[in-house]
Amino acid sequence: MTAVTVSAASNIALVKYWGKSDTSTNRPATASLSIGLEDLRTETTLTLKDGEDSINGLDGIAATRLIQFLDSVRQRFDVDAAFAVNTANNFPTGSGLASSASGFAAVTLGLDRLLNLNLDQQELTRLARTGSGSAARSVFGGFNQIVLDEDAYAEHLYGADHWPLEIVVAIATEAGKAIGSTAAMQLSEGTSPYYDAWLATHADDMHSARQALADRNFEQLAEISEHNCLKMHATIMTSQPAVHYWLPATVAVMHEVVRLRENGVPAFFTIDAGSQVKVVCEPGYGQQVESVINEVPGVVKTIRTRLGGEPHITQP
Ligand code: PMV
């Protein structure tokens, strides 16, 4: 085989990872729990070639990170090969929609196939994580968690059919974010007075969210997800210097979601390292939620998706 194409989906964390205990290997300081986004995907084709790597579809720091990742794989598996990488996202890149999650999951799965590495699922997630922490969770679709051992790996909890929630992504800006997650995490770790509290209360959030998932208890999942998201953002905002990911539209969507819920619509919000708001709702409510969120002032556009995100591997 000389080429492989992988489509991997983005994911969002309902209980977040924020902070790294080892920056060189991306070992997160906290566990996390996520859902896969079926329709937000990266498609990457890897082709073996001579000479140097060529990257099409990424530039700047994102291309540099990818080449560093390819170098680490060459070194670890004693591989003497270069790659032509062609990659494209079907959603805005670098703005808090976890394009690095789907991107590094796609490359990891592609390299495993192309180089016959035959890594097991857990090893695949550990390798993807070294590219981007959240990428470990995009190796699978459905509901997944990151577990900390002396390292960290992702574990598949349930398939999408366990609870086919729907997700509406509210895009507050299509511009890239001002500060990347790794740099922002380092600021939080070093300067936010809330960082220790974030770490100390995290295991309880994981426990509560896992229970809510097992019971398909939407109210409990909504409460813990919003709480965990707000705790992470409080930590981010209280870094010195402060990091501001939210825009007016971000806050307006949060208020709208609370209002929807007060009116009996089962929906909650979560926000990653960016200004976009992901609204998660019970099956059957996606269309209604999207039409309301679309009207919120400042929302540039919305994307609606099913929960899912199983990766697909093909040979071109
Ligand atoms: O995948 P990274 O290293 O860029 O970190 C992303 C962290 C959050 O998206 C904010 C939270 C999470 O668990 O995905």
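The model is predicted, with local features requiring pLDDT of at least 70 and side-chain atom pairs pLDDT 80 or more, while totals for chains, interfaces and linings use all residues. Residues are numbered from 1 along each chain as its sequence is written, and side-chain values use heavy atoms, without hydrogens and water.

**Stop 1**

Arg74 belongs to helix H1; helices (H or I, at least four residues) and strands (E, at least two) are DSSP runs, numbered from the N terminus. Is Arg74 buried or exposed? With a relative accessibility of 15%, Arg74 counts as buried (buried means under 20% relative accessible area, exposed over 50%, and partly exposed in between, with a 1.4 Å probe and protein chains only).

**Stop 2**

Next, select Asp78 and Val79. The loop that holds Asp78 runs between helix H1 (60-76) and strand E6 (82-89), and Val79 is placed in the loop between H1 and E6. Asp78 is exposed, at 71% relative accessibility, whereas Val79 is buried, with a relative accessible area of 18%. Asp78 has a positive phi, near 50°, in a residue other than glycine. Most residues other than glycine have a negative phi, and most peptide bonds are trans.

**Stop 2: Asn26**

Move to the loop between strand E2 (20-22) and strand E3 (27-28), where Asn26 is found. Asn26 is not a glycine, yet its phi is positive, at about 60°. Asn26 counts as buried, at 7% relative accessibility.

**Stop 3: the second largest pocket**

Which residues line the second largest pocket? Select Ser24, Thr25, Gln68, Phe69, Ser72, Arg76, Glu123, Arg126, Leu127, Arg129, Thr130 and Asp151 to display the lining. On a 1 Å grid over the protein atoms alone, a pocket is an open set of points where a 1.4 Å probe fits, with protein on both sides within 12 Å along at least five of seven lines, and lining residues have an atom within 4 Å of a point. The volume of this second largest pocket is about 200 Å³, taken as the space filled by probe spheres set on the grid points. H1 and helix H3 (121-131) each contribute at least two residues to this lining, and H3 gives the most, with 5 residues. By class, the lining comprises 2 nonpolar, 5 polar and 5 charged residues; Ala, Val, Leu, Ile, Met, Phe, Trp, Tyr, Cys and Pro count as nonpolar, Asp, Glu, Lys and Arg as charged, and the others, Gly among them, as polar.

**Stop 4: Glu150**

Continue to Glu150, in the loop between strand E7 (143-148) and strand E8 (152-158). Glu150 is exposed, at 69% relative accessibility. A distance drawn from the C-alpha atom of Glu150 to that of Met206, 56 residues apart along the chain, reads 19 Å.

**Stop 6**

Select Ser192, in the loop between helix H4 (181-191) and helix H5 (195-215). Ser192 is buried, with a relative accessible area of 8%, and its side chain forms a polar contact of 2.9 Å with the side chain of Thr238. Then select Pro241, in the loop between helix H6 (218-237) and helix H7 (248-262). The peptide bond between Gln240 and Pro241 is cis, with omega about 0°.

**Stop 5: the ligand**

Finally, centre the view on the ligand. Which of the 14 residues around the ligand come nearest? They are Tyr17, Ser132, Ser134, Arg137 and Ser181; a residue is near a molecule if one of its heavy atoms lies within 4 Å of it. An N or O atom in the side chain of Ser134 is 2.5 Å from an oxygen atom of the ligand. For Arg137, a polar side-chain atom lies 2.7 Å from a ligand oxygen atom, and for Ser132 the corresponding distance to an oxygen atom of the ligand is 2.9 Å. Of the 380 Å² of accessible area that the ligand has on its own, the protein covers 93%; accessible areas come from the Shrake-Rupley method with a 1.4 Å probe, and for residues only the protein chains shown count as cover. The shell around the ligand is made up of 6 nonpolar, 4 polar and 4 charged residues.

Definitions and conventions:
Polar contact = N/O pair within 3.5 Å; in protein donor to acceptor, adjacent residues only side chain to side chain.
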